[in-house]
Amino acid sequence: MSGLLKTAQAELRHLQQTDQRLFGRPFSPEGLVIHLEDIDFSERVDAFVARFGRLQDLLGDKLLPAWLRSMEEGVGAVLENLDRAERLGLIDGADDWLAVRKLRNVMVHEYIDRAETLHMALYAAHAHVGMLAQTVERFKLRTQNLLA
C-alpha cells in the first residue's frame, strides 16, 4: 500500500505542475480551438487529461481498495467502496467522486469533436485538482496512522 501512496503523491505533483502550466492563462472555448493548433499547448492538454485520469484511477481503483482491505473493511463495487470512503472521511462525497470519473471520460472522448464540451470538462477538472490533492493527503495521514 505504501508503494501505491508514493505513486499517488508523485502523480499528484505532476498533475499540479501541469495544471499550473495549462491554466496559467485563462482561455475560452474559441481560444481552446486556436491553442490546440500549438503543439506545446496541445501537449499540456494531453498531459493534464492523462495525469488527471491516472491519479483518479489510482486513488479510486487501486489505493482505496488496498486501504479498505488493510482496515479489514469489505471491498466491493466502486460505488460501495466510495460510500465506505465517504463514511470513513477519506473523501467528502461519493457523488463528487463519480462526477470526477465522468469528467475524465468526457475529456478523453470529447477531445477533438466538441471544443465547448472539452473546455467545460477541462475547467471542471481543474477545479477538482484540489479535491484529488486533499484525498491524497487524507490517504497519507490515515496510512501513517496505520503504520504507527
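Author: Let's start with the packing of two helices: the axes of α3 and α4 come within 11 Å of each other and cross at roughly 65°. Here axes are lines fitted to C-alpha atoms, for helices over the stretch in contact, and angles run from 0 to 180 degrees between N-to-C directions. Helices are DSSP runs of H or I with at least four residues, numbered from the N terminus. The crossing of α3 past α4 is left-handed, a label used if the near helix is turned anticlockwise from the far one by less than a right angle.

Before going on, a word on the source: this is a predicted model, where local features need pLDDT of at least 70 and side-chain atom pairs count only at pLDDT 80 or more, while totals for chains, interfaces and linings use all residues. Residues are numbered from 1 along each chain as its sequence is written, and side-chain values use heavy atoms, with hydrogens and water left out.

On the α3 side the contact is made by Asp-61, Leu-64, Pro-65 and Leu-68, and on the α4 side by Val-78, Asn-81, Leu-82, Arg-84 and Ala-85; contact means heavy atoms within 4.5 Å. By type, the residues of this contact are six nonpolar, one polar and two charged.

Now look at α4 itself. Asn-81, Leu-82, Arg-84 and Ala-85 are buried there (under 20% relative accessible area; exposed is over 50% and partly exposed in between, with a 1.4 Å probe and protein chains only). They cover an arc of only 160° around the axis, so they sit on the same side of α4; the arc is that of the directions from the helix axis to the C-beta atoms. The background is simple: an α-helix has 3.6 residues a turn, so residues three or four places apart point the same way. The cover over the buried residues of α4 includes α3 and α5 (94–109).

What about the two ends? In the loop between α3 (39–70) and α4 (78–87) you'll find Glu-72, which has a positive phi near 60° although it isn't glycine. Glu-72 counts as exposed, at 75% relative accessibility. After α4 comes Gly-89, also with a positive phi, near 85°.

Finally, the charges. The whole structure has six salt bridges, each a side-chain nitrogen of Lys or Arg within 4 Å of a carboxyl oxygen of Asp or Glu. One of them joins Arg-87 and Glu-73, with the closest N and O atoms 3.5 Å apart. Arg-87 lies in α4 and Glu-73 in the loop between α3 and α4, so the pair ties together parts 14 residues apart in sequence. Arg-87 is exposed at 56% relative accessibility, whereas Glu-73 is partly exposed at 24%.

Past the other end, Arg-138 forms a salt bridge with Asp-92, the closest N and O atoms being 2.9 Å apart. Arg-138 belongs to helix α6 (residues 115–147) and Asp-92 to the loop between α4 and α5, so this pair links parts that are 46 residues apart in sequence. Asp-92 is exposed, with a relative accessible area of 53%, and Arg-138 is partly exposed, with 21%.

Key
Nonpolar A, V, L, I, M, F, W, Y, C, P; charged D, E, K, R; others polar.
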